[in-house]
Amino acid sequence: MEDIEDFGVWLGRQLRRNGMSQAELAQQLKLTRAAVSAWVTGRAQPRAEVMVRIAEILETDVATLLTRDADAGSDRPIGWYHRIAHHDGGREYGNAAAFAFDASLAVLAREATQNSLDERLDPRRPVRVRFTLHELTGEHLHSFLSALKWEELEPHFAAAARSRQKVGRTLSEGLRALREDASLLLLRIDDYNASGLTGPEYEDGRYAAVVRRQLDSHKSNDRAGGSYGLGKATLWAASRLGLVLINSTLSEPHEGRTARRVIGRLDLPWREVDGVAYAGPAWLGEPDTEKTHEGVSRSWWADERVVADLQLDRESEDPGTSFLIVGAHDAAGNSDMLEDLHAELGRALSDNFWAAMTAGRSAPAMLEASVRSLRNGESVVAEQRVDPLDRHPALVHALRSYIDGETVEELTAPGQVAATEVGLVVPPLRTAGRKAAGGNHSAVLLVTPAADKDEKHSRIICMRGNRMTVTARSPRNLGMGADPFQAVLLAGFATGDDSSTTHAAEAFLRAAEPPEHDRWGVTEELTAAYANAPRRLTEFNSAMDTALRRVIGRRVPGGDSTGPEVLRKLLRLDAPAGVGTRRGHPAVDRVVGKVDESGAWTLDVTLTVPQRDGGWQLLPVVKFDVRSGGRPSLDWAELSAKENCEVVGGRLVIEPDVRSARFGGVTAVGSHPVAAAMAGVIVDVQQAREAST
Amino acid sequence: MSAVYAYPTLVGKIEVAVRGASMDGKPLQLSLISQRDQVVALHQVERDDWTEGVLDLEVSLPTEELAEGPWAGVSCVAVLTEGATNTRVVSRLERRRGDTHWRGQVRVRRSTHASRALLDVSVVGSHGGVDGRILGRADTPWLVDLLGRTPSRQRDLEILEEDFRDGPEEWLRPFMDAPWLIDTTGELPTILLNTSFEGLSELLSGARGPLEKATAGLVAAQIAGEAWATMFHSALSDLEFDDDGTPHFPGGWRESVLRSMLPEVFPGLPLHDALREAHDCRGAGRGWAEVQSRIEVAAGKRSQMPKNLVATIRAVSRAQEGTYR
């Protein structure tokens, strides 16, 4: 990784850092400008004695010129640059993009991880994402704030917090917590095996998309739905202070270097400090010496000590980016306890990315994610790999079977996964002209019986792209009585297919998503780009339902025999009984009993009695229970009232207004057809009829 | 109405699941097994001639209660019964070491069953020196349906269209002049509509215009009314009894019919008492004539005769106003 940087690239940067032009250097060396230009562009190398002169001019030694592992001269001072307010007097009290999202930790986890997935570098390895919650207090907090040059920022925070806008309230709460609790929560999101923030400082590229621009979704290819688009706003929204520091290891060198490109960005509302009005954003970096951007803070190549002081040190040279959210909070959460936030992040990662984290036997997962929590550098909750099986066993099993090619056509045993095709007609782009034909994309629906423990089931989880969940929809017209199931719909690239119709389907579905990427519906972008799009989406949904019904649905009841509907509806056997206001009747609620020494059953029976004006006369009946056929009746040797009833001539007499009654009874051994201990008894009460002797 | 035993029984729940099934070695689609309704539809559209079905059973027992209880030699058995054929097959389930569930297979021979078998699971053990005590039983038995194409507890009756005069069914010839026939002798009550009775099918299936529709409704109500009354009588004539003459509810469609109509025939009586009353009246003839009228009224109500009649009268009078105007 640390190959020696080209001399020309290195020299060019030194000139810029010193605010020196090629002509000026040439003049001091008494050489032509063309000679310097040839060095900078790498066409030629200066001779040894010229090297010595260059080292003198740049105030460094020759060794540095040869190894080129550091910049010449003293470090340029790192500082904050605040954008001056607009000349037209316009004021912005917040970032509109940030308001488009719920500012919850779960949304942050989703958006940040999705960006990392979209920027995966080596497709044979998963992109690794690590979330670190880090609480700083005391000396740790103090040294972090001084590395951050907090004293430069404080007047800006104080001014911005005075604003009565929403942003001002969040800010003052953040400042209050910092002041009173003397603690600060950092949330760091690292990715490895990702592109990193490549590209120039101000022109198009990943770096500028994140650091310099709003609403610019940098599209590296047609697979990523525009990484670092709206979603990056959630990073700043998750900070009470609107402050995010960034350290990136680049996959392609910029200015000849890759490691430790560092920049900080602060999003504050309009404010006035010491009589100067500021527009909003501010950047922490090296002051730019180029004429067009003079004084603007730009990213710098930091040394290892600085990144450690700023809590930005990365654990390996694997390319990727670390975002440090300063003053992190969960706007949706009830608790800001470290342990709760930790759990919330784990849940969000598992729920949104179980599919990307699912590996097959031969195919690695696309994503590996973990969460850890620290307090002042000491581990509070150890690093935990998010295991998709923990929360979504059936879904992971379904996807894994698909990746491993072990799906079946119809389900015959638990644990099986059925795969079936769902057609999506992708209409042609309007720009393709009238005669252009659309394509037929084959999405895949995976279905498996739900596991007993699944809390959420019987929905179709719809995904596309690198297996991001777009929506979970409830199927319609499934028919009666289907057992709980889990279903996953893979569309577009999520199918693993790479044909041109798959590309077209992916683009079509992406156009059907709102900025939150949480459903497929009619969007402005969709109707602008495609003819007939709403109908195709409706057809797609009903094709899903039909496919699902084929796998798990029951045939329509009554399919065995039809007959005219007008007649059938009058002959439903399951129709409720016609008399709606049936009054209740006394019933046996509880029976307790045992067999005594003489072999007779002694029983204690409790009845529930509904209220009625007339009272009740009941005949208690006792029988032996048998497996089938007629039950032998027993005689009572003795009947006794215990609560709320009287025994009169073998009948129970119960007064009106009684709600519960109890009586006792002993069976007559002579009436037992078998020994009492060899049978169970049941007790019932019948309404006594009029004496009919 | 649960039984009391002379020895301690299980309080904990016994849960039974049919995890898979096959017919003559061919695995059955899981959609033919309903965990929710606890029904297996042993049916494959392509084949009627199967000889044996196998169900894979998984049973969870209250393990702790069993381990700490006063019982010995505990085992778990599945019992497959069908009243119509008097079949009773017991299969022993087993628990492997380390497994939390009891598992086993239940064989269903086509030749020993008519239509619907019950699959119950019992826990058996010894207590006080007596072996073979039933310690507990699953709350709801599973239903194995050998005829149904869908695993549901409820079965509708059949409505068939047949040519009484020239059709293949010889036994319908004597009824060639009847527009319909209600047959309650089979497994399911069947309503046969006579296609040789001109216009009947067309009227019931394809009525157009208010007058035709009202007429179709009235005819349907007439057929349904007869069907309900016939089914009620048929169900009442096929009961089993306790020693003291208390009738049991018969199960299947007969029970559904009795349960839905008895409260209207004998309002104010509990269901079991109403059943006994109905049976006694029928047997002894005491008050049977009066009960007959009540059955007719209840059947008419089930078939929505009053509503359909009102609709027809209105439609007819409106049509007549139209002609006279």
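Predicted model: local features only at pLDDT ≥ 70, side-chain atom pairs only at ≥ 80, totals over all residues.

Mentor: The angle at which α4(B) and α5(B) pack is about 80°, and their axes are 9 Å apart. On the α4(B) side, the contact is made by B:Leu258, B:Arg259, B:Leu262, B:Pro263 and B:Val265, while α5(B) brings B:Leu271, B:Ala274, B:Leu275 and B:Ala278. Sorted by class, this contact has eight nonpolar residues, one charged residue and no polar ones.

Now let's follow α5(B) itself. This helix covers residues 271–284, which makes 14 residues. From its first C-alpha to its last it reaches 20 Å, close to the 20 Å expected at 1.5 Å a residue. Its buried residues are B:His272, B:Ala274, B:Leu275, B:Arg276 and B:Ala278. Among the elements covering those buried residues are α3, α4 and α6 of chain B. After the helix comes B:Gly285, which has a positive phi, near 75°.

In all, 56 residues of chain B are in contact with 55 residues of chain A. On the chain B side that touches chain A, at least two residues each come from β1 (15–23), β12 (158–162), α2 (200–205), α3 (209–236), α4 (252–265) and α6 (288–302). By class, that side of chain B has 25 nonpolar, 15 polar and 16 charged residues.

Note on methods:
Residues numbered from 1 in each chain as written. Chains lettered and ligands numbered in written order. Contact = placed C-beta atoms within 7 Å. Helix = DSSP H or I, 4+ residues; strand = E, 2+ residues; numbered from the N terminus. Nonpolar A, V, L, I, M, F, W, Y, C, P; charged D, E, K, R; others polar. Expected span 1.5 Å × (residues − 1). Buried ≥ 20, exposed ≤ 12 C-beta atoms within 10 Å, placed from the backbone. Axes fitted to C-alpha atoms, helices over the stretch in contact; angles between N-to-C directions.
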